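This text is a short walk through one structure. Please look over the sequence and the model before reading on.

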Amino acid sequence: MLDLLKKRFGYDQFRPLQAEIIASVLERRDTLVLMPTGGGKSLCYQLPALRFDGLTLVISPLVALMKDQVDTLKANGIAAEFINSSLTYPELNNVRRRVRRNTAKILYVAPERLTLPGFMNFLAELTVSLVAVDEAHCISMWGHEFRPDYRNLVTLRHALPGVPCIALTATATEQVRRDIAEQLELTQPQEFVASFNRANLTYSVRPKRNSVDALTDLLDEYRGESCIVYCFSRKSTQDLATALCERGLSALPYHAGLDTTVRSQTQERFIRDEVPIIVATIAFGMGIDKPDVRLVVHYDLPKSLEGYYQETGRAGRDGLPSECALFYSYGDKVKQDFFIDQIEDPAEQRNARDKLARVIDFCDLQTCRRKYLLAYFGEDWHQDNCGGCDACLTPREEFDATVIAQKILSAIVRTGERFGIAHVSRVLRGANTKRIRELRHDRLSVHGIVDDFSDSEIKEVAGLLQAEGLLRKNSREYAGLSLTSAGRTFLKNREDLTLTRAKQAEPAPHTTSDSDPAQVWRRRDTPPLADEQGDIAVDAALFEKLRELRRKLAAERNVPPYVIFGDVTLRQMAAYLPQSREGLSHVSGVGAAKLERWGEAFLEVVRSYADEQGLVERPVPGTRRSRESQGSKVSRKGSTYTATKQLLEQGQSITEVAAERGLSLRTVVSHIEKLVADGEDVDLGPLLPSSDRLEAIQHALARSGTTVLAPVKAMLSKDYTYEEIRLVRAFMHQSH
Ligand code: ADP
Ligand code: ZN
């Protein structure tokens, strides 16, 4: 199958679970696949289709996408066809003729066709080997995109007894998954559930202040690349698109209120790289498979994390580093609350409130956003530092939180452990409101005992105390906080506590932009969680020339540019400068058909550029390694860890590695922890502190008997750092 993968699609390795799924399909078993957007679901039926004698029937609800999908297959030399309402009668007849003559391997069909007698009669003449149901959650009423047409699939299954079925979806709860299996009458299906972590996406939440300026700056960094900005209302998409255009960016609005032709034109221009920025309501994106969207902005608050995950999921399907930014203000929450108040059905209203509360939690988070998001969908994320969200990427500093933590915890206890931090903070800062007087909270000993922390700083510390496990929320919907048993112990024993928080902005050393902590994680040439392709040194000028050629070829053929070659492919060309067909064939995404068809054209551009600049070809590394084919999460580690490991092996200290890679000490240490956890051979010896300190830390770790570091740190004297403790912990883990 690996040979077929390289020959037909030009890829060297499978993405996680693809190999296992394909094996299951080839065994002709019913198969259920749950994989995030960009996970590579299509390949799971396209590759087996090439092996089967008969036809593979693909049911997909996204009529607008079918042509692009079929064009993509054809570009790879795979005979594919589609049948949907966009075909004229003569066109339909031609498709039928080609399919009957057995020239097509894959046939895409819209679900509403399945009830038409004409189609079922046609089907009766064919040999079908496999049925693939894309967006399978559409069959379930429990899902949020129920399509009555999908219920016709049972009829199809009955008409094709014994033909195996593969159902694929990116959104499905346990309930929906059961429903899919039942409705499609899958027989003892093999189920595959991939991790929903999108390793190449970076998440951030930004304050919504001077937001048009901030948005313009952000979009400026992605000039010429595809970006989507989501807004709450139709009107704001239009206003914002206009504002962006006035600032010299090229943006178009998109929402359900626009004329159908205008909408499809806008979508088309975006897909063809003619307009880079779309400002849209969530109506945009459903019918789009564009693999190279580099930035997704939520300019207004999303209604739920499900929606947020789905919309951000449209970034970086091709696996290259891409960014998701959310602009958040308290005013937006109030606005959303107002809309929720209008909902009449009480159950629905409660549900909406609950969902919004989780979005707000996500925005207020001081800790890893990826971890929170994955936990929301029921997945554990074990890493300390994901290296791909603002919380993990902002340089952090330690501060002595002993006193403020005691004050916050006491205030929570004194007010009865039922108020949210907003109220507790008001009490601590001595506010004298009617409500506080009514509750007699102005008489408490904790009233007005904090004057060295602002409201937002108190909230930040409370967030950190939650993350440390000293505080917890009483319920999901309400903000009320109470102490955990660890929190009580802490308060009773008057323990010391050191926490880390985002480094406070220091006075600018050189220029203002240098001191902006955001710059650190926005730097795009060293994406922290980049895939292999993201990390390579790409010649930007050559990349532009290659894109130009791609655009030209695509326009001539009336297909989207990504059908010709994806960004991963062009970036590799612009990094390794292949100058022979042999060299080019090693580039990811260059299969036999594309090499034949377009190889020379691209080689010519590379050759003349290399000549002009006096550059030479470099070998494409890592060709055909089975790194990903094992499918486990561990084997998916990005090269960022490898890069750290290599520098350490060269004898660099942690500080040197951090400086060289532009990372924080904390991040480098988290890389080491990850490497050790994965059983990689890392020599920690030279990195450990002096033997007396080592002993002290080992002792504290053993005595605390917990994995939470704060108590361990509290046992040691002040000058011990978290990094040291982490290293020693990793060392103890290693020597076990
Ligand atoms: P999904 O349907 O799960 O959202 P797709 O099937 O559209 O994902 O695949 C997303 C992108 O990843 C496509 O551009 C596809 O060509 C690419 N891709 C899929 N499998 C591989 C692989 N094994 N190696 C490299 N790229 C792949
Ligand atoms: Zn993170």
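In what follows, Ala, Val, Leu, Ile, Met, Phe, Trp, Tyr, Cys and Pro are counted as nonpolar, Asp, Glu, Lys and Arg as charged, and the others, with Gly among them, as polar. With this sorting, the shell around ligand 1 consists of four nonpolar, seven polar and three charged residues. The model itself is a predicted one.

The shell around ligand 1 can now be taken residue by residue. There are 14 residues around this ligand, and those that come nearest are Tyr11, Gln13, Gly38, Lys41 and Ser42. Tyr11 has a side-chain N or O atom 2.5 Å from an oxygen atom of ligand 1. At Gln13 the backbone takes part: one of its polar atoms is 2.8 Å from a nitrogen atom of the ligand. Arg15 places a polar side-chain atom 3.1 Å from an oxygen atom of ligand 1. On its own, ligand 1 has 560 Å² of accessible area, and the protein covers 80% of this.

Next comes the metal site. Ligand 2 is a zinc ion, and its protein donors are the SG atoms of Cys368, Cys386, Cys389 and Cys392, at 2.3 to 2.4 Å. Along the chain, these donors are spaced as C-x17-C-x2-C-x2-C. The angles among the four donor atoms run from 102 to 117°, and the site is tetrahedral. Buried means under 20% relative accessible area. Cys386 counts as buried because its relative accessibility is 1%. Cys392, at 7% relative accessibility, therefore counts as buried too.

Last is the division of the chain. Domain 1 covers 2–193, domain 2 covers 201–345 + 356–393, domain 3 covers 400–496 and domain 4 covers 535–735. Taken over C-alpha atoms, the centres of domain 3 and domain 4 are 42 Å apart.

Note on methods. Residues are numbered from 1 along each chain as its sequence is written. Chains are lettered from A and ligands numbered from 1 in the order in which they are written. This is a predicted model: local features need pLDDT of at least 70, side-chain atom pairs count only at pLDDT 80 or more; totals for chains, interfaces and linings use all residues. Side-chain values use heavy atoms; hydrogens and water are left out. Donors are N, O and S atoms within 2.8 Å of the metal (3.2 Å for Na, K and Ca); water is not among the atoms, so sites may look incomplete. Four donors count as tetrahedral if all angles lie between 85 and 135 degrees; four count as square planar and six as octahedral if opposite donors are over 155 degrees apart and all others between 65 and 115; anything else is irregular. Buried means under 20% relative accessible area, exposed over 50%, partly exposed in between (1.4 Å probe, protein chains only). A residue is near a molecule or strand if one of its heavy atoms lies within 4 Å of it. A polar contact is a pair of N or O atoms within 3.5 Å; within protein, one must be able to donate a hydrogen and the other to accept it, and residues adjacent in sequence count only if both atoms are side-chain atoms. Accessible areas come from the Shrake-Rupley method with a 1.4 Å probe; for residues, only the protein chains shown count as cover. Domain bounds come from an automatic or database domain assignment.
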